[in-house]
Structures are given as structure tokens and as C-alpha cells.
Amino acid sequence: MADTVETPMESLEYRTEVKQLLDILAHSLYTDREIFLRELISNASDALNRIQFEMLTNHDVVDPEAELAIHIEVDDEAKLITIRDAGIGMNRDELVENLGTIAHSGARTFLQNAGQSQNTLEEIIGQFGVGFYSVFMVAEEVTVLSRSFRPQDRAAMWRSTGDSRFSLADAEKPQRGTEIRIRLKEDAAEFASAWRLESIIKRHSDYVSFPIYVKGEEDEPKIANRRTALWRQSPSKVGAAEYEEFYKQLTFDEEAPLLHIHMVADAPANVRSILFVPAKRERSSLRLRPEHGVRLYSRKILIQEHNKELLPEYLRFVEGVVDSEDLPLNVSRETVQSNPVTRQLRKALTSRLLKDLKTLAEQDAAQYTTFWTEFGAFIKEGIASDFASRDALEELLRFRSTHTGADGWTTIKEYVARMQPDQNAIYYILGDSLKSAIRSPHLDYFRKHAIEVLYFTDFIDGYMVSQLREVEGKPLQNVDDANLDLPKGTPAEDASALQVSQDVFDQLLARVKRVLGERVRDVREGKTLVDSPARLVSSEDDFARELQYVRRAIEEDYVAPVKILEINRHHPIVANLSRLVSEDGDNALIEPAVEQLFDNLQLLDGAYQGSVADMVDRIQKLMGAALRD
Ligand code: ADP
Ligand code: MG
């Protein structure tokens, strides 16, 4: 263990963000400090994975025969822990780069979140881990001695007490890899125990694939982890608790997964895989997970940590491991992408995953609802992007509707089964929120005739429906369509209930046209309105109007196409306004009333862009008139 320092120590300053992080760690009262070991073991395991991969093609490395293992030694009396690996190692420059800045993503995400999240610091540390620096929760002083795998590189030593500086020197180290010596803080002396470290390894690092030897003062080294490649076992031999444990150690997620899918097949391609659907999107979404992708192995050798080709992009919330012997061992990370086996695997994994989700829906509706609320948006993204899986994806869709209300969900199949005898289309309403969609005047007619309408109120729904023209052989139709294909036997209003004569009503239409001018494409009688005075409809040639909701949300100066205003001549407001127009055409209330009628519709549509102050003025004027007598 000699670390002959061959050059004088050089003292360097940490980058600002590291200082920040160290400062937070030094002052945190985090109780779960044992995760420092998980972080160091995970780094050692990464380094071993990388040398293993390197040696597939390169034999000119230091110590080619070294066992790919991690050794931990404890000195109880001196309160020292040493963690040694035969991994890829680091030269002097790499030590500075890797341990003097925040090059890796975990700690950076941590810093961002520590700045803005309401979660306590403790929760955040537990959730993300803060990588190497977490060692300073328990260490008085840390020395890292490392020798890179490259024969020409010299060994180097890095040392720090976790304040604002670290020191560096050249060193003597014949073996390849990294050795980390930790002098424990007084209040962390509990970790200087082989037994304690073994139990921490069991809890956090049991599935690390390289042996972790732990050696106490007097003892022989003992392997502390089980090292099983769980995905290579027969599914019938793996218990639920093992899957859960494996998932937690793989992802550092504290919550059990919602679903696991263990796939073992030899045709059309060899695959051993365990995929997980997490319980919550929060930790899986790109926002909190630094990088998505499954771990790709070939014969237990890690080829790629975040593979993005084995599952389609919209399934990026899925975690897991895929191992295939059909991928050539010397496959480079770049050629994984173009390999035909990758395409086969992707197809097999995707269809199995979607099938298992369907089974979940059939067998456990409550669990499926949880899945849907967390990840439904991803499935809808799939509808718009994965045409080959369209049928399977359609079965996974769930919507609220005028039938289910705000608390239930319906499938499209169930909707179709409830359709009226003469109904040909599946109706939907697009809206910004369920609350406003429920009150939309477009639904008058459908309510009256008990025709079900699906609520499409997710941000992504507009995008989805622009790609989903037909389901179960039925066209989808927007209720704001000017030329609705309505079931026979549910006639629009009959003329006998008219409140005003055609002539008087026509005068109103003309007047409204004059007041609103360019803001509407046309003004006409609305025959599908019941309880609402008016509605705005899109004309049939409005290309891709479903995308309006999406564009409105993302484009700052988006101007929606002009719509047609339909007016309900049976509505008391409309009848009274018609009479006013024909009998007292100069009345000062006519214009504000027309304006307000129009703005109300825009408000309901979530599209009002006018001035609030002007509207309040106008409403007060109308109130004044209404309250006059
Ligand atoms: P992360 O593991 O997320 O990259 P860490 O803070 O844990 O972040 O480690 C920072 C970097 O230091 C690693 O990316 C790696 O390059 C290097 N490193 C840490 N430990 C070792 C080790 N045992 N062997 C080789 N490199 C290491
Ligand atoms: Mg790490």
C-alpha cells in the first residue's frame, strides 16, 4: 500500500460548483450516510466494466491478468477504509478532471434541485446520490491512488479533506486500477466495521456483477455480494422480492416498481432481459433521471449503460437490463445501432412490454389506472410515432368522457360498444382542461341525445389525434367540426320551438357580423345548441386544427385561424338580443352584448387574448343596465 510520493504535492482549488456541493454536504445532517459506499462501489464497478470492454479489443493494458474485482479492507483501530479496484484507472489529468470538477450528471442534478426543490436536502441526497463527493459525509480525509490501464501513463495520487482544495502528486503504483483510502470522521467511526460494511453491501450493491471482497483486521477476505445476473435466470426461479431488490439497486429508486417483465427467448434473437416500469414518473422522467436507456450486456459484459435503440423513444420511462448473445462481443457502441439484431430485439421487447401492460389492465384495473395517470402521455406519444405498434397501443388508451365523468376512464372499445345505433363516428372534444371542456357549448347537442363524447384535454392529445384518424374502424370526429356527421334519429332542433321570426333573427345575424368583422369567418344559426347561446366552430378546411392547442401552448405569438360563430336562436339571451336589434337598433347595449357573447366563447375555449380591463369595463356596463330598474 505504499504511496511513495515522487514529486512535491501540488495544491489545486476545486471548481466553484464542487465547493458548493462540498459545503452542502459538510453541513447536511443526512442520516443515511451509508450510501457513500454504494457510490464508491458503483464507481469501481463502472471502472471494471470499462476495462472489461476495453480488453475485448485491446490487449496492451497494464496488468491484463488482474482479477476483475473490488477489495474492501477495514482497519477498525485506525478508522480507515480502503476500497480497491482493478478497473480502468485514472492518470493525473483524469484525476483532476473527474474529481476536481462536476463532470458527471448526478451531482449536477443534485445541485440544481438543492437550489429550487422544496424537498429536504436529505431526500435529495438519497434520491440522486451525489457520486464520489458523498464520501465527504463520512471522511476526514480521502486519498485516491490510481494507475490508468494505459501502459505509458504514470500513477498519480489525489488527496483532500473536503474543504476548498485538493492536492496532487505523482505516485508509485504497479497494479492497474484505483485505490481509495478513507480516514473516517470521528462521528462516522461506526463504518469501520467489516460486518457493517457487509450489510451495507447486501442492501445496496448485492447485484453488482464483480465480486466485492471485504476483509476485517484479522479475517480472510470474504465475498459480500451475490453477483447474480438475475436476468439470466429462469423467471420461475426468481421471486417478487428479488425483482424488487434488483430494481432498487439498479436504479437507486426507493420505491418498488409497478411492473417487471422478465423475458427469456432464443428466437428470433437470443435475449435475456428484465424491464421495469417504475411506480412514478417523477424519478423516471428525463427531468430527474440524468439519462434514459436500458443497460445493454452481451454475455454479462456491459456494452452500453444507456442504450436508446433497444426501445422506442416513447418508452423512455422503462428501466432495465437487456443481454443478448447474438450481439457480437466486439461490437462497438456505435455499431449496436446499425446491427440487425438490435432491430429484432427492439421489436420483441416492445411488443412484449405492450402485451404485459395490456395484461396488467385486464387483471388489475387499479394498478393500470396508476400506470395510466403516470405514463399515459408516453403511450399517446407512441400512438403518434410508432405505427407498427398501433393496435397494441390503442388498447392501452384510456380517456375521460361525458359517460365516465371526471372520475372514471373508458377504453375506445367500451366507447364503441355504447355507441348509438346510427352513430358512425367517435366524437371527441379538445380542450385545455377537463373543467372547461365539460362546460363547453359544443356538448349541448350530445348531452341532449345521450351521445358520448371523449374528453381530449391532455397537452399531447391534439398531437395524438392528428395522427389517429380512425380507431376500431370508426373515424374520430371533433365536436367543433362544422359538418358533423350526426346519428340519424337525433334531429337538430325543430322549427316549432322558435322564439323569434326568421326575419328578426336574420337581422341579428347581420348585426353580429358587422360588429365582429374579421374576427369570425361567418355567423350562422347553430342547430346543435341547446343550453348555450352560441359556439365557435372550425371550418372544415382548417388544416390540422387539433394542433392548435399544442401550438398555442408553445408558440408565443401564435394566431389561431378564424372560426365560424354559430348562434342558438332558442336561447333567451339571443331571442331578447334579436328583438332589441330589430326594435331599437341604436341601443348602446347591443354592441357590448355581442362582444361579450363572443369573448365568453373564447374564454371557454381557453383562447381569450384580449384585455381583461376592457372586459371588466364592459361587464360593468352590462350589469349597470341589468340592475337599473
Ligand atoms: P459518476 O459516477 O456519476 O460519473 P462520480 O462522482 O461518482 O460520478 O465519479 C466521477 C468520475 O470519477 C467518474 O465518472 C469516473 O470517471 C471517475 N471515477 C470515480 N471513481 C473511479 C474509479 N474507481 N475508477 C476509475 N474512475 C473513477
Ligand atoms: Mg458514480
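Me: Which residue in β11 is the bridge partner of histidine 262?

Reply: Isoleucine 274 is the bridge partner of histidine 262 in β11. A word on the ground rules: this is a predicted model, in which local features need pLDDT of at least 70 and side-chain atom pairs count only at pLDDT 80 or more, while totals for chains, interfaces and linings use all residues. Residues are numbered from 1 along each chain as its sequence is written, chains are lettered from A and ligands numbered from 1 in the order in which they are written, and side-chain values use heavy atoms, leaving out hydrogens and water.

Me: What makes β10 and β11 a pair, and in which sense do they run?

Reply: Strands are DSSP runs of E with at least two residues, helices are runs of H or I with at least four, and both are numbered from the N terminus. Two strands pair if DSSP finds at least two bridges between them. β10 (residues 259-265) and β11 (residues 271-277) have seven bridges and run antiparallel, so they count as a pair by that rule. A hairpin of five residues connects β10 to β11. Proline 268 sits in that loop, and its peptide bond with alanine 267 is cis, with omega about 0°.

Me: Why is β10 called largely enclosed?

Reply: Buried means under 20% relative accessible area, exposed means over 50%, and partly exposed lies in between (1.4 Å probe, protein chains only). Five of the seven residues of β10 are buried, so the rest of the structure largely encloses this strand. Across the protein, 52% of the 629 residues are buried.

Me: What makes glutamine 423 buried, and what does its side chain reach?

Reply: Its relative accessible area is 5%, so glutamine 423 counts as buried. Glutamine 423 lies in the loop between α13 (412-417) and β17 (426-430). A polar contact is a pair of N or O atoms within 3.5 Å; within protein, one must be able to donate a hydrogen and the other to accept it, and residues adjacent in sequence count only if both atoms are side-chain atoms. The side chain of glutamine 423 makes such a contact with the side chain of tyrosine 415 at 3.0 Å, and it reaches the backbone oxygen of alanine 425 at 2.9 Å.

Me: How do you classify alanine 450, arginine 227 and glutamine 367: buried, partly exposed or exposed?

Reply: Alanine 450 has a relative accessible area of 58%, so it is exposed. Arginine 227, at 35%, is partly exposed, and glutamine 367, at 28%, is also partly exposed. Alanine 450 has a positive phi of about 50° although it is not a glycine, and arginine 227 has a positive phi of about 60°, again without being a glycine. Glutamine 367 belongs to helix α11 (residues 365-385).

Me: How do you know that the buried residues of α3 line one face?

Reply: Helix α3 (residues 92-100) has Leu95, Leu99 and Gly100 as its buried residues. Viewed down the axis, they fall within an arc of 85°, so they line one face of the helix; the arc is that of the directions from the helix axis to the C-beta atoms. Contact means heavy atoms within 4.5 Å, and what covers these buried residues includes α1 (16-27), β4 (139-147), β5 (155-160) and β6 (165-171). At the start of α3, a side-chain oxygen of asparagine 91 comes within 3.2 Å of the backbone nitrogen of aspartate 93.

Me: Which strands form the open sheet, and what makes two of them edge strands?

Reply: The order is β1-β6-β5-β4-β7-β3-β2-β8-β9, nine strands with mixed pairing. β1 (10-13) and β9 are the edges, as each pairs on one side only. Inside the sheet, β4 and β7 (residues 177-184) run antiparallel and share eight bridges, with serine 146 bridged to threonine 178 in β7.

Me: Why is α17 called roughly perpendicular to α19?

Reply: Helix α17 (residues 502-516) packs against helix α19 (residues 572-583) at an angle of about 85°, with the axes 8 Å apart. Angles run from 0 to 180 degrees between N-to-C directions, and the axes are lines fitted to C-alpha atoms, for helices over the stretch in contact. Under 35 degrees is roughly parallel, over 145 roughly antiparallel, 65 to 115 roughly perpendicular, and the rest oblique. The value therefore makes α17 roughly perpendicular to α19. Among the residues that meet there are Phe505 and Leu508 in α17, and Leu577 and Val581 in α19.
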